[in-house]
Amino acid sequence: KDRINKESYALKAFDKKNMSEGQMVRLKNEISALRTLDHFNIAKYYSTYEDNDQFYILMEYAAGGSLT
């Protein structure tokens, strides 16, 4: 939950150490697709972050939903 605007967000995390090259490519393709999508039935994409160990996708929170 954002401390300033009180909005809730979903954070999808991926462990880079356990990903094959093919999985990494599919993840990057998913991120590219999410950036272009704008539909009320699809969780809104906000941003992507990366550190040495993980990729993170910040998305709209949908109560009772799943990001899988």
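**Close-up views of a predicted model**

Lys-17 is exposed, with 64% relative accessible area. Please keep in mind throughout that this is a predicted model.

**View 1. Lys-17 and Asp-53 joined by a salt bridge.** Here the side chains of Lys-17 and Asp-53 meet with 3.3 Å from N to O. The link spans distant parts of the chain, 36 residues apart: Lys-17 belongs to the loop between strand 1 and helix 1, and Asp-53 to the loop between strand 2 and strand 3. Asp-53 is partly exposed, at 35% relative accessibility.

**View 2. Lys-16 with Glu-50 and Phe-55.** With Glu-50 the Lys-16 side chain makes a salt bridge of 2.8 Å, N to O. This pair also connects distant parts of the chain, with Lys-16 in the loop between strand 1 and helix 1 and Glu-50 in strand 2, 34 residues away. The charged end of Lys-16 also sits over the ring of Phe-55, 5.0 Å from the ring centre. Lys-16 counts as buried at 16% relative accessibility, whereas Glu-50 is exposed at 52%. Glu-50 and Phe-55 are themselves bridge partners, Phe-55 being in strand 3.

View 3. Lys-12 is buried, at 17% relative accessible area, while Glu-30 is partly exposed at 28%. In total, the structure holds 3 salt bridges.

**View 4. Tyr-9 and Tyr-46, an edge-to-face aromatic pair.** The ring centres lie 5.3 Å apart, with 85° between the planes. Tyr-9 is in strand 1 (residues 9-15) and Tyr-46 in strand 2 (residues 45-50), so the pair ties together parts 37 residues apart in sequence. Both are partly exposed: Tyr-9 at 29% relative accessibility and Tyr-46 at 38%.

**View 5. The largest nonpolar core.** This core has 10 residues, among them Phe-14, Met-19, Tyr-45, Phe-55 and Ile-57. Helix 1 (21-36) and strand 3 (54-60) each give two or more residues, and the largest share, 4 residues, comes from helix 1. Leaving aside residues up to four places away in sequence, Tyr-45 touches Ile-31, Leu-34, Arg-35, Ile-57 and Leu-58.

**View 6. Strand 3 and its partners.** Strand 3 pairs in the antiparallel sense with strand 1 over 7 bridges and with strand 2 over 5 bridges. Leu-11 has Leu-58 of strand 3 as its bridge partner. Strands 2 and 3 form a hairpin, with 3 residues between them.

Technical notes. Residues numbered from 1 in each chain as written. Predicted model: local features only at pLDDT ≥ 70, side-chain atom pairs only at ≥ 80, totals over all residues. Heavy atoms only, no water. Phe/Tyr/Trp six-rings, centres within 6.5 Å; stacked < 30°, edge-to-face > 60°. Buried < 20%, exposed > 50% of the residue type's maximum accessible area, 1.4 Å probe, protein only. Lys NZ or Arg CZ within 6 Å of the ring centre and 35° of its normal. Core = buried A, V, L, I, M, F, W, Y, C linked by side-chain atoms within 4.5 Å. Contact = heavy atoms within 4.5 Å. Pairing = 2+ DSSP bridges. Salt bridge = Lys/Arg side-chain N within 4 Å of Asp/Glu carboxyl O.
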